[in-house]
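Subject: Structure for your files

Dear colleague,

Here is the structure I said I would pass on. Please look it over before reading my notes.

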Amino acid sequence: MSKLRSLFRAVALWGALVAASALLAFGLYRAQFPAALLVGPMLAAIAFGVGGAGIGVPRTAFMAAQAIIGCLVAHAVTGSIVATLRADGLIIVAVVLVTVLAGGVVGWALTRLRVLPGTTAAWGSSPGGAAAMVAMSEQFGADPRLVAFMQYVRVVAVVLTASLVTRLLVSAPAASAPSGAESVGALSTLATLAVAALGAAAALALRLPAGALIGPMILGAVLHATGLATMALPAPLLDLAYAGIGWYVGLRFTRETLGVTLRALPGILVATFAVILLCGGWAWALTHILAIDFLTAFLATSPGGLDSVAIIAVGTHADVSFVLAVQTLRLFVVLVTGPLLAKWITRAVPERSP
């Protein structure tokens, strides 16, 4: 009888969580909030977690969501982006490395000032791929709850500053950005699911770190960029993946974790705007090195996220191929260098007793 009661309670709680997540996600989406379909479920799950709901997302479901996010990253790699990387490869690599270095410096400063633990500060300060950073961070010893909080504070700040800079530099109203929606056929969907399953299985068998995300990302990027496979991400599938990661992170919040997060908020805000200012300075320097305008340089160096910056770039006179090439390459670099940067920061700043 007690097991049946527990089952009914879990079903009721999940029903309430799904309903609350849908309402929050819809409200944030209508307000044009970035990553609304991840942030909404995460905020709802935080409320349930802090309230002691006692439910959680199974590990296998979380890994499945990671695999879909890996396919999302792979979907961003197109032939035009590869061509731009070939043409301006060295400059783009320099832009990426400076941006990643800025994030590393801020992560080191947060650790040095004891705002956050070293590994968490490193992943939270990584400039790009917020969903991917949250999905990978736990496997490298970081607290995914604080990483998610840092990443999405940064995403919001970047979107606001990029929108403001765009409004100041573009006198005419921006053209409506295309929705980016594409016809999703059954074969393309099956191919994407196959890439997610095979890539994750191979990477996990090889014991690669964050294999459920890295495997589909690498396999899908190669197949998509070369035209060997057409990647397609149906909206319901992507929505479910975002919600799964949001629920996984949010349900792990407790009253104690929430208190730590709020105490760290001032430092996180200072760090976020410090990264944006450093990248803005580098964008200004780029205009004297390359024949590009400041808006293109600013959007290219903006520390994430890729989807939000892409939408802003498409609606302006910026060089979209250059912006997306830099943003996509940086995402891959951040995913590769994240573990190394976290280890370096942890070693550079010895742990102290709380």
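This is a predicted model: local features need pLDDT of at least 70, side-chain atom pairs count only at pLDDT 80 or more; totals for chains, interfaces and linings use all residues.

Residues are numbered from 1 along each chain as its sequence is written, and side-chain values use heavy atoms, with hydrogens and water left out.

Cavity. The search of the whole structure gave 1 cavity of 30 Å³ or more (on a 1 Å grid over the protein atoms alone, a set of points where a 1.4 Å probe fits but cannot get out; lining residues have an atom within 4 Å of a point). The largest cavity holds about 70 Å³ of space, where volume is the space filled by probe spheres set on the points, and grid points are joined across faces, edges and corners. Its lining consists of Val106, Gly124, Ser125, Met150, Arg154, Ile268, Ala271, Thr272 and Val275. By class these are 5 nonpolar, 3 polar and 1 charged (Ala, Val, Leu, Ile, Met, Phe, Trp, Tyr, Cys and Pro count as nonpolar, Asp, Glu, Lys and Arg as charged, the others, Gly among them, as polar). At least two lining residues come from each of H6 (118-125), H8 (144-169) and H12 (255-286); helices are DSSP runs (H or I, at least four residues), numbered from the N terminus. H12 gives the largest share, 4 residues.

H5 and H12. Helix H5 (residues 89-112) packs on H12 at about 155°, with the axes 10 Å apart; axes are lines fitted to C-alpha atoms over the stretch in contact, and angles run from 0 to 180 degrees between N-to-C directions. H5 is therefore roughly antiparallel to H12 (over 145 degrees). The contact (heavy atoms within 4.5 Å) includes Val106 of H5 and Ala271 and Val275 of H12, three residues that also line the largest cavity. Its residues divide into 14 nonpolar, 3 polar and no charged.

H3 and H11. The axes of H3 (residues 59-75) and H11 (residues 235-250) come within 9 Å and cross at roughly 130°. Arg59, Phe62, Ala65, Ile68, Ile69 and Leu72 of H3 meet Leu237, Leu238, Ala241, Tyr242, Ile245 and Tyr248 of H11. This contact has 11 nonpolar residues, no polar ones and 1 charged.

Regards

Conventions: On a 1 Å grid over the protein atoms alone, a cavity is a set of points where a 1.4 Å probe fits but cannot get out, and a pocket is an open set with protein on both sides within 12 Å along at least five of seven lines; lining residues have an atom within 4 Å of a point. Angles under 35 degrees count as roughly parallel, over 145 as roughly antiparallel, 65 to 115 as roughly perpendicular and the rest as oblique.
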